[in-house]
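Please look over the sequence and the structure shown below before reading the briefing.

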Amino acid sequence: WTEGLRSSLVVMLVGAALWAWHWLHGLVRRDRLTTLWRVQVFLFGALLGVVLAVVPAALVLYAIIEWFFGRPGSDTAAAHFASTPAALGTLVVGIATWRYHRAVLSEAGAGQERGGPERIYRYLLAGAGLVATAIALATFIALAGEALGRPVTEFVHAPGWWRNPLMRGVTLLVVGVPLWLRYWMETQRAV
């Protein structure tokens, strides 16, 4: 029961009580299916859940492939994977948050046009996937450029310098392409 844990617990309890009162009392009963309700569900619920799921999944994936194929910064697996339990906990919370808000949306009416908040949600996620993919491709192009100038870079870089940037690019590609394709294709189908 450190000071940080106690203060985090208080913030969590107060936040949960305020969220429950606002959500259960206000939005669910009075404002169901209004634009405000949709903004809450899509942008502050489902979007947050996807972010809380995708980011830790990418961090865990990067830690795994860096350990096996890259140049890890730690000598022991315990030190290298020390942040993995927290990331996995965040991943579980993100998946639960996303699934809960998707269930709320499907209960409210899956066939209905949801309007602006849903479009914003889809565009933000498709854009995030596209940016991650673009950064991955830029990383690959930069690595190829440096590999072509190999005699010059041998004096600047240590042996195996390319491994970790390549692993970051692969991680961004593995995360970005499915995210972009899923939400872009949903947007295209809606249009």
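What follows is a short briefing on this structure, grouped by topic.

The model is a predicted one, and its chain holds seven helices and zero strands. Of the 191 residues of the chain, 31% count as buried. Much of the briefing concerns the charged side chains, for which the count comes to three salt bridges.

**The chain as a whole**

- Read from one end of the sequence to the other, the chain follows the pattern α-α-α-α-α-α-α, in keeping with a count of seven helices and zero strands.
- When contacts with a sequence separation of 6 or more are considered, residues 24 or more positions apart account for 76% of them.
- The accessible surface of the chain comes to about 11800 Å², and 72% of that surface belongs to carbon and sulfur atoms.

**Two helices, H5 and H7**

- Helix H5 covers residues 116–148, and its 33 residues reach 47 Å from the first C-alpha to the last, which is close to the 48 Å expected at 1.5 Å a residue.
- Helix H7 covers residues 163–190, and its 28 residues should span 40 Å at 1.5 Å a residue, which agrees with the 41 Å between its end C-alpha atoms.
- In H7, the buried residues include Asn164, Pro165, Met167, Val175, Leu179, Tyr183 and Glu186.

**A network of salt bridges**

- Which residues are linked in a network of salt bridges? The network is made of Glu118, Arg122, Arg182 and Glu186, and its separate links are described in the points below.
- Arg122 forms a salt bridge with Glu118, and the closest N and O atoms of this pair are 2.8 Å apart. Both residues lie in helix H5, four residues apart, which is about one turn of the helix.
- An α-helix has 3.6 residues a turn, so residues three or four places apart point the same way.
- Glu186 counts as buried at 15% relative accessibility, whereas Arg182 is partly exposed, with a relative accessible area of 37%.

**A buried charge without a salt bridge**

- Glu66 is placed in helix H2, which covers residues 35–69, and it is buried yet has no salt bridge.
- How far away is the nearest side chain of opposite charge to Glu66? That side chain belongs to Arg168, and it is 5.8 Å away, while a salt bridge requires the nitrogen and the oxygen to be within 4 Å.
- If residues up to four places away in sequence are not counted, Glu66 touches Arg71, Pro72, Gly73, His80, Asn164 and Met167.

**A second residue of helix H2**

- Gln40 also lies in helix H2, and at 14% relative accessibility Gln40 counts as buried.
- Gln40 and Pro117 are 77 residues apart in sequence, and their C-alpha atoms are 8.7 Å apart in space.

**A nonpolar patch on the surface**

- Tyr123, Leu181, Trp184 and Met185 form a nonpolar patch on the surface, and together they have about 360 Å² of accessible area.
- Which helix gives the most to the nonpolar patch? Helix H7 does, with three residues.
- Trp184, one of the residues of the patch, is found in helix H7 and counts as partly exposed at 32% relative accessibility.

Key:
Residues are numbered from 1 along each chain as its sequence is written. This is a predicted model: local features need pLDDT of at least 70, side-chain atom pairs count only at pLDDT 80 or more; totals for chains, interfaces and linings use all residues. Side-chain values use heavy atoms; hydrogens and water are left out. Buried means under 20% relative accessible area, exposed over 50%, partly exposed in between (1.4 Å probe, protein chains only). Lys and Arg count as positive and Asp and Glu as negative; His and the chain ends are not counted. Contact means heavy atoms within 4.5 Å. Patches are made of residues with over 30% relative accessible area and no salt bridge: like charges are joined within 9 Å, nonpolar side chains (Val, Leu, Ile, Met, Phe, Trp, Tyr) within 5 Å. Accessible areas come from the Shrake-Rupley method with a 1.4 Å probe; for residues, only the protein chains shown count as cover. The expected span of a helix is 1.5 Å times one less than its number of residues.
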